[in-house]
Amino acid sequence: MGIEFRHETFRDDFTFRNSPAAIRRFPFPFDKDSYMYAVNIEPHVSGPKGSVYEHPIDVDEHYVSEMADRALVLKEDPLRCQSLPHMTLAGWDLLELLMECKSTSYPEHFSLTRDGDKWHWINRPLGIDDKFTFGDVSTLPYGPMEYITRQSQGDFCLLDQRDGNLWMDAGIVTTQADWSLDFDIGMNFMEWHGPVPLAHQLGVFERALKFMLNLRQGSPVRRLNWTMTVNPRLDTSPENYHKWGTDRATLTPENIGNKLHLRVELQSFFRLPRSNAIVFPIRCYLIKLEELVTVPKWGRRLPRVLKTLPPELVDYKGLTRYRDMAVEWLSRYDDGAETSPGG
Ligand code: HEM
């Protein structure tokens with residue numbers, strides 16, 4: 001049976017919710033009661049059936065609504081999608097990767113037929129049926145990266161590899177945790193990571209970059225990152241800070257369980273075949289505290305993580321104003337039991 005897509009919003013009336021099944025598959029990111037940056041990279045291999053790791057590119061019940069939200073962001077601000085001229089080949093590589101992954105993993109929703117460079121793509125949930133010539137931009141309504149990522153949940157950065165570094169030379173970024181593609185475009189790995197506290201001193205970025213430079217085609221890797229967001233808002237960009245920055249002041253002990261969301265990014269890294277670029281999909285999953293505590297071990301662990309989070313991370317992730325209130329609300333769900341690593 002196919003996925004049942006929900007119709008919901010990530011702005012204004014915020015009707016986004018997770019079904020019980022979506023709560024169960026949420027990628028809870030903490031494997032112990034504390035958190036610190038590390039080079040937490042592992043092979044992006046297939047995980048348990050139904051989990052967010054089952055397929056290389058996860059499609060879930062929020063797909064159709066997330067794509068509608070992306071279209072709204074792009075309409076208001078076309079600079080959320082940029083590709084420097086030398087990145088078009090990487091865009092075709094990405095189009096191939098995403099079409100192949102989706103049609104193989106979800107044949108009831110997507111289909112790809114290839115006859116040489118004549119391709120036929122059907123995306124049933126979004127009502128798209130297009131024939132085009134692979135490699136010929138004039139046969140698509142957008143450039144290849146924009147075309148396929150308007151149909152793919154999560155943000156995408158395309159990184160060119162040269163001079164022993166990675167360069168953010170293309171991307172589509174509409175669901176980000178407070179950073180800007182327009183600001184970062186053309187920067188290298190160390191430059192765009194400049195604002196992150198503590199990790200540079202720990203050597204995290206030096207080791208992570210080395211790892212990335214050696215990434216091989218056919219052996220993708222992944223990591224989880226996280227922050228928190230008030231309201232289920234996908235577009236928490238610096239460009240729209242005036243729209244969401246003040247949300248933090250609206251939290252109260254009564255509404256925090258409903259309004260505050262754990263925001264987890266499933267980040268994966270794939271080497272692309274023709275361009276030798278790397279694609280970095282950043283897939284965002286949101287869960288409100290009230291949904292999260294329905295899984296007792298998560299309700300027990302999250303207050304412990306938040307309580308002991310290093311002050312530099314509290315500040316960088318923008319939690320300062322409400323961290324204590326969140327810990328207090330969540331502490332009702334911490335029965336004091338010992339937790340096991342990974343559990
Ligand atoms: C944060 C991009 C890979 C670790 C960030 C930020 C960006 C970014 C734009 C936000 C920086 C800001 O505040 O402006 C990327 C891209 C990658 C990549 C395009 C593709 C190669 C990695 C890898 C690691 C990593 C491999 C492994 C350790 C981090 C950490 C943060 C961060 C720890 C801070 C996140 C937080 O506390 O919320 N990254 N990154 N990144 N990145 Fe990366």
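Trainee: Which residue is the bridge partner of Arg223 in S9?

Mentor: Good place to start! Gln267 is the bridge partner of Arg223 in S9. Before we go on, note that this is a predicted model, where local features need pLDDT of at least 70, side-chain atom pairs count only at pLDDT 80 or more, and totals for chains, interfaces and linings use all residues. Residues are numbered from 1 along each chain as its sequence is written, and side-chain values use heavy atoms, with hydrogens and water left out.

Trainee: How many bridges join S8 to S9?

Mentor: First the general idea: two strands pair if DSSP finds at least two bridges between them. Strands themselves are DSSP runs of E with at least two residues, helices are runs of H or I with at least four, and both are numbered from the N terminus. Here, S8 and strand S9 (residues 260–271) run antiparallel and are joined by 10 bridges.

Trainee: What is the order of the strands in the open sheet?

Mentor: Its 7 strands follow the order S1-S8-S9-S10-S6-S7-S2, with antiparallel pairing. Strand S1 (42–43) and strand S2 (81–83) are at the edges with a single partner strand each, so one side of each has no neighbour in the sheet.

Trainee: Which strands pair with S6?

Mentor: S6 pairs with strand S10 (residues 278–288) in the antiparallel sense over 5 bridges, and Leu158 stands opposite Val279 in S10. S6 also pairs with strand S7 (residues 165–172), antiparallel over 7 bridges. There, Trp167 in S7 is the bridge partner of Asp160. The hairpin of S6 and S7 has 2 residues between the strands, and Asp163 takes a positive phi near 50° in this hairpin.

Trainee: How many of the residues of S6 are buried?

Mentor: Buried means under 20% relative accessible area, exposed means over 50%, and partly exposed is in between, using a 1.4 Å probe and protein chains only. Strand S6 (residues 155–162) is mostly covered, with 6 of its 8 residues buried.

Trainee: Now for rings. How many aromatic pairs does a search of the whole structure find?

Mentor: Rings of Phe, Tyr and Trp (its six-membered ring) pair if their centres lie within 6.5 Å; planes under 30 degrees apart count as stacked, over 60 as edge-to-face and the rest as tilted. The search finds 21 aromatic pairs. In one of them, the ring centres of Phe30 and Tyr35 are 5.9 Å apart and the planes are at 80°, so this pair is edge-to-face. Phe30 is buried, with a relative accessible area of 4%, and Tyr35 counts as buried at 13%. A tilted pair is formed by Phe132 and Tyr147, with 6.4 Å centre to centre and 55° between the planes. This pair links distant parts of the chain, 15 residues apart: Phe132 is in strand S5 (residues 128–133) and Tyr147 in helix H4 (residues 144–149). Phe132 and Tyr147 are buried.

Trainee: Which residues do ring pairs link into a cluster?

Mentor: The cluster holds Phe26, Phe28, Phe30, Tyr35, Tyr37, Trp226 and Trp298.

Trainee: Where does the charged end of Arg222 sit?

Mentor: A charge sits over a ring if NZ of Lys or CZ of Arg is within 6 Å of the ring centre and within 35 degrees of the ring normal. The charged end of Arg222 sits over the ring of Tyr53, 4.1 Å from its centre. Likewise, the charged end of Lys102 is over the ring of Phe110, 5.6 Å from its centre.

Trainee: Which residues lie nearest the centre of the second largest pocket?

Mentor: On a 1 Å grid over the protein atoms alone, a cavity is a set of points where a 1.4 Å probe fits but cannot get out, and a pocket is an open set with protein on both sides within 12 Å along at least five of seven lines; lining residues have an atom within 4 Å of a point. Phe28, Pro29, Phe30, Asp31 and Leu224 lie nearest the centre of the second largest pocket, which is lined by 28 residues. Strand S8 (residues 221–230) gives the most to this lining, with 3 residues.

Trainee: Which residues are closest to the centre of the largest cavity?

Mentor: Of its 16 lining residues, those are Pro56, Ile57, Asp58, Pro281 and Arg283. S10 gives the most to the lining of the largest cavity, with 4 residues.
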